[in-house]
Every structure is written in C-alpha cells, then in structure tokens.
Amino acid sequence: MVRRGTKFIWGFLFFIVAFAAITAVTMLLWNALLPALFAGVSVITYWQAAGLLVLARILLGGFKLHHPGWLMKHHHHHNEFFSSLKDMSPEEKRNFIRKHMETHHGFCHPWKQPAKETSETVETENQ
C-alpha cells in the first residue's frame, strides 16, 4: 500500500516533469512556426513559454482543481443514467429525461412551468 505522502510527492514530481515538457514543446513550436509565419514575432525563451502557458491557463481555463476520482465518478453516473433508459418506452424515456433535467440541471421549459395563481382564479375556484 502506498502512503498518502508518497502519492503526493510522486504526483507533484509528475506535475513538475509534465509542465517542464509541455513548456519545452510550447517553446519549440513557437520558435519554429510563429517567426516564420508572422513578421515581427520574435523567438521566446523557456521561461517566456512557461509564462505564456500560465497566462493562457488563467485567461482560458481558470484554476479548477478536480478530485482525482472525479472523471471515473462522472462516467459511472453517465453509464447508470443510460442503463436506466434501456428498458423504457419512448414516452417513458422522454418523461425520465425531462424529470432528470429539471431536478439535476435546473432546466425547465418556460411553457411547462405551472401558471401562477392570481387572486381572480382562486376566487372563481372557490365559488
């Protein structure tokens, strides 16, 4: 059994090596392609490529950290959802999907929402 601290150290080392490799590839691609394609674009250093990657991550992706098992958990729910649809009729599937969208994703068709009761409709129902 691998200890928790050891997993963290290996994960951190993997992140450092992967980031270094991606930075090197970014620098090599930039220096090979962009100065030849666009006039006025100069070659960049390794640290400029690293800064470019960090900047792109901030502007385009943010810093969302997912739990390590997030992807597998997502696939489990995805498979569970479709396996529950397997033995349903088309009408049952439609209703199940609508209910799922309303409860899990906050999605509701505006024309399917119940009408708000006004004081006039309440008075006419009471009479």
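**Exercise 1. Find out how many aromatic pairs the structure holds, and describe two of them.**

Step 1. A search through the whole structure turns up 3 aromatic pairs. Here, rings of Phe, Tyr and Trp (its six-membered ring) pair if their centres lie within 6.5 Å; planes under 30 degrees apart count as stacked, over 60 as edge-to-face and the rest as tilted.

Step 2. Take F8 and F12, which make a stacked pair with 6.4 Å centre to centre and 15° between the planes. This is a predicted model, where local features need pLDDT of at least 70 and side-chain atom pairs count only at pLDDT 80 or more, while totals for chains, interfaces and linings use all residues. Residues are numbered from 1 along each chain as its sequence is written, and side-chain values use heavy atoms, with hydrogens and water left out.

Step 3. Helices (H or I, at least four residues) and strands (E, at least two) are DSSP runs, numbered from the N terminus.

Step 4. Check the cover. F8 counts as exposed at 61% relative accessibility, and F12 is partly exposed with a relative accessible area of 46%. The cut-offs: buried is under 20% relative accessible area, exposed is over 50%, and partly exposed is in between (1.4 Å probe, protein chains only).

Step 5. On to F15 and F19, another stacked pair, with 6.2 Å centre to centre and 20° between the planes. F15 and F19 also both lie in helix α1, 4 residues apart, about one turn of the helix. F19 is partly exposed, at 29% relative accessibility.

**Exercise 2. Work out which residues form the nonpolar patch on the surface.**

Step 1. Patches take residues with over 30% relative accessible area and no salt bridge; like charges are joined within 9 Å, nonpolar side chains (Val, Leu, Ile, Met, Phe, Trp, Tyr) within 5 Å.

Step 2. The patch is made of F8, I9, W10, F12, L13, F15 and I16, and together they have about 800 Å² of accessible area. Such areas come from the Shrake-Rupley method with a 1.4 Å probe, and for residues only the protein chains shown count as cover.

Step 3. Because its relative accessible area is 42%, L13 counts as partly exposed.

**Exercise 3. Locate the salt bridge and say where its partners lie.**

Step 1. The rule asks for a side-chain nitrogen of Lys or Arg within 4 Å of a carboxyl oxygen of Asp or Glu. That gives 1 salt bridge.

Step 2. E91 bridges to R94, with the closest N and O atoms 2.6 Å apart. Both E91 and R94 lie in helix α4 (residues 90–105), 3 residues apart, about one turn of the helix.

Step 3. E91 is partly exposed at 42% relative accessible area, and R94 is partly exposed at 41%.

**Exercise 4. Describe what surrounds T26.**

Step 1. T26 is found in helix α1 (residues 4–37).

Step 2. Setting aside neighbours within four places in sequence, T26 is in contact (heavy atoms within 4.5 Å) with A49, L52 and L53.

**Exercise 5. Sum up the whole protein: how many helices and strands does it have?**

Step 1. Count 5 helices and 0 strands, which read α-α-α-α-α along the sequence.

Step 2. Of the 127 residues, 7% count as buried. The accessible surface comes to about 11,600 Å², 67% of it belonging to carbon and sulfur atoms.
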